[in-house]
Amino acid sequence: MRTRPSVAVVLSLAILAGSSSALSAQVVLDRILTRINGQIVTQSDVDRARLLKLVDDPSSDATARKGLEDRILVLGEIARLPPLAVSEQDLAARRAEWEAAIGGPEAAAALQGRTAMSDGALRAWLRDDVRIGMYLARQFGQVSERDRANAVADWIGRLRQRAGVK
């Protein structure tokens, strides 16, 4: 005697068949590359930083990613201290410096539009650049200019080690 499959079994099979076709149609929107201090770095973050030249070495994904990771670690250290006040003049100077590196205000605006980075987000980024510069000047200002880059690199290396970042 043949038994008929239960309604639950038929529905389960229909759902599985439908979900497998839906799974094959999934598209990757972004990739998480790393997590540092509870903050994630995505592929789109790296792409944006490279395109807008917001990191020191945007020549490759790897160097841009390292620059973003280092930035997160340094900002984490800065957050432990009383806030560093950034003047509007310092912020305007940093923006002018960044725009000059990009090719001028028009080119900067066009690139900013391509990345969908809001002006507020860019201002916050540039403000953090100024804060990082102030912090590094305070921490390493007594080190000779010739040795400063090595001292900062060693310090960041220790931050990376402490955070478990390769």
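A: What follows goes through the rings and then the charges.

The model is predicted, so local features need pLDDT of at least 70 and side-chain atom pairs count only at pLDDT 80 or more, while totals for chains, interfaces and linings use all residues. Residues are numbered from 1 along each chain as its sequence is written, and side-chain values use heavy atoms, with hydrogens and water left out.

Start with the rings. A pair of aromatic rings is described by the distance of the centres and the angle of the planes. Rings of Phe, Tyr and Trp (its six-membered ring) pair if their centres lie within 6.5 Å; planes under 30 degrees apart count as stacked, over 60 as edge-to-face and the rest as tilted. This rule gives two aromatic pairs. In one of them, the centres of Tyr135 and Trp155 lie 5.7 Å apart and the planes meet at 35 degrees, so the pair is tilted. The pair links distant parts of the chain, 20 residues apart: Tyr135 belongs to helix H6 (residues 119-140) and Trp155 to helix H7 (residues 145-163). Helices here are DSSP runs (H or I, at least four residues), numbered from the N terminus. Phe140 joins Tyr135 and Trp155 in a cluster linked by ring pairs.

Tyr135 is buried at 5%. Trp155 is buried too, at 12%.

Now the charges. Side chains of opposite charge can pair when their charged atoms come close. A salt bridge is a side-chain nitrogen of Lys or Arg within 4 Å of a carboxyl oxygen of Asp or Glu. The whole structure holds 17 salt bridges. One of them joins Arg160 and Glu69, at 2.7 Å from N to O. Arg160 is in helix H7 and Glu69 in helix H3 (residues 61-78), so this bridge ties together parts 91 residues apart in sequence. Both ends are buried: Arg160 at 8%, Glu69 at 5%.

Arg131 meets Asp128, with the closest N and O atoms 2.6 Å apart. Both lie in helix H6, three residues apart, about one turn of the helix. Shared partners join Arg65, Lys66, Glu69, Asp70 and Arg160 into one salt-bridge network. Arg95 and Glu99 form a bridge at 3.1 Å, N to O. They sit four residues apart in helix H4 (residues 88-102), about one helical turn.

Note on methods: Helices (H or I, at least four residues) and strands (E, at least two) are DSSP runs, numbered from the N terminus. Buried means under 20% relative accessible area, exposed over 50%, partly exposed in between (1.4 Å probe, protein chains only).
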